[in-house]
Amino acid sequence: MIKNTFISFQEKKEESKGSVEFQVVSFTNKIRRLTSHLELHRKDYLSQRGLRKILGKRQRLLAYLSKKNRARYKELINQLNIRELKTR
């Protein structure tokens with residue numbers, strides 16, 4: 001399901017690989033791949049470090065997107081299912 005989301009997103013915006021949304025989607029795919037790798041190899045500390053770096057990059061990009069355009073941020077969060085939205 002996630003792979004299909006990435007492919008459809010990639011087909012829509014092939015020309016804008018530098019967009020924030022594309023970068024967040026690619027970081028999310030890397031994070032999920034590294035997480036599954038680390039479930040098997042718990043003592044792979046270099047991969048753990050790489051995962052933390054990618055998480056930080058994605059967090060900064062999402063913070064930037066939420067400041068600039070809240071609607072695009074919420075749409076991206078819902079599309080990727082990466083955060084739970086707060087209910088008031």
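How many salt bridges does a search of the whole structure find? The answer is one, counting a side-chain nitrogen of Lys or Arg within 4 Å of a carboxyl oxygen of Asp or Glu. Arg72 pairs with Glu21, and their closest N and O atoms sit 2.5 Å apart. The pair ties together distant parts of the chain, with Arg72 in helix 4 and Glu21 in helix 2, 51 residues apart. Glu21 is buried at 7% relative accessibility, while Arg72 is partly exposed at 36% (buried is under 20% relative accessible area, exposed over 50%, partly exposed in between, with a 1.4 Å probe and protein chains only).

A word on the model: it is predicted, so local features need pLDDT of at least 70 and side-chain atom pairs pLDDT 80 or more, whereas totals for chains, interfaces and linings use all residues. Residues are numbered from 1 along each chain as its sequence is written, and side-chain values use heavy atoms, leaving out hydrogens and water.

As for the fold, the chain has four helices and zero strands (DSSP runs numbered from the N terminus: H or I of at least four residues for helices, E of at least two for strands). Helix 3, residues 45–68, spans 35 Å from first C-alpha to last over its 24 residues, close to the expected 34 Å (1.5 Å times one less than the number of residues). Buried positions in helix 3 include Leu51, Ile54, Gly56 and Arg58. Helix 2 (20–40) and helix 4 (70–80) are among what covers the buried residues of helix 3.

Across the chain, 32% of the 88 residues count as buried.

Conventions:
Contact = heavy atoms within 4.5 Å.
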